[in-house]
Every structure is written in structure tokens, then in C-alpha cells.
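The tour goes from one selection to the next.

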Amino acid sequence: PRLLANLALVEGTLAEIDPAGAAEHRARALEWSTAAMRRAEELDLVEIELRLNHATHLFNAGRVQEALPILATAARLRPRLVGARERYGIALLAVGRLDEAQAEFEAVLALEPG
């Protein structure tokens, strides 16, 4: 699963540095990420970082509604994990759930004031 997840991260990075091919890279990132999740579930090796990265690939592919429950679960299970709370807040903001997004961002600031 980690190899597949790393391939997804590479494609995600390529999307950032290759604007002309960004959509294609994001689609491939999501394919790799989905394969990583599937394999990790088969092996019972799903880690929170894998879930967070998968949610990020879903979000970047425009599938925010699918990313939201993954991010909500991560934020609930690891309330002190700044990256989980921050990503959840961004996803909430993207779907217009402003009060909930603000609460997540305030939690992030409380955890990491800088």
C-alpha cells in the first residue's frame, strides 16, 4: 500500500508543477490512492496518514463530498493531529459549512498558534 500511496503523491506533486497536465495527474493520483486504500484494507494496514492522503486526492479531484467523511473521522480519531483538522476545515469551507470550518481552524490555531 505504501508504494501505491507514494505513486499517488508523486502524481499529486506533478499536478502542482505541470498546470497543463494537472487534471490528468490528479486523476492518476486518485487511481493510485484508491488502489493503495484497497490494498491496505485487504491487509488490514490502513493508517491515518493513508486515509488523509486519500481524502486529499479525492478533494483535489473535485470529490469533496467523498473526502468529507474521511476527514471528519480522522479529525475525530486524532483531534490533536493538526493536518487532519486543517484539511477537514478546508473541505468544510469548500462546501460552505462556514461555522464548522471556523471551529476546525480555531482548533488548529489552538494546537499550533504560529
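Select His25 and Glu11: their side chains make a polar contact at 2.7 Å. This is a predicted model, and the distance is computed from its atoms. His25 lies in helix H2, residues 22-43. Its relative accessible area is 9%, under the 20% cut-off, so His25 counts as buried. Now show what surrounds His25: leaving aside neighbours within four places in sequence, His25 is in contact with Leu14, Ala15 and Asp18 as well as Glu11.

Next, select helix H3 (residues 48-60) together with helix H4 (residues 64-77). The two pack with their axes 8 Å apart, at an angle of about 155°. That angle is over 145 degrees, and H3 and H4 are therefore roughly antiparallel. The crossing of H3 past H4 is left-handed. To display the contact, pick Ile48, Arg51, Leu52, His54, Ala55, Leu58 and Phe59 on H3, then Val64, Glu66, Ala67, Ile70, Leu71 and Ala74 on H4. Colour these residues by type: 10 are nonpolar, one is polar and two are charged.

Move on to helix H5, residues 82-94, and select Leu92. Is Leu92 buried or exposed? Leu92 is buried, with a relative accessible area of 0%. Beyond residues up to four places away in sequence, Leu92 touches Leu68, Arg97, Glu100, Ala101 and Glu104.

Methods:
Residues numbered from 1 in each chain as written. Predicted model: local features only at pLDDT ≥ 70, side-chain atom pairs only at ≥ 80, totals over all residues. Heavy atoms only, no water. Axes fitted to C-alpha atoms, helices over the stretch in contact; angles between N-to-C directions. Helix = DSSP H or I, 4+ residues; strand = E, 2+ residues; numbered from the N terminus. Parallel < 35°, antiparallel > 145°, perpendicular 65-115°, else oblique. Left-handed = near helix turned anticlockwise from the far one by under 90°. Contact = heavy atoms within 4.5 Å. Nonpolar A, V, L, I, M, F, W, Y, C, P; charged D, E, K, R; others polar. Buried < 20%, exposed > 50% of the residue type's maximum accessible area, 1.4 Å probe, protein only. Polar contact = N/O pair within 3.5 Å; in protein donor to acceptor, adjacent residues only side chain to side chain.
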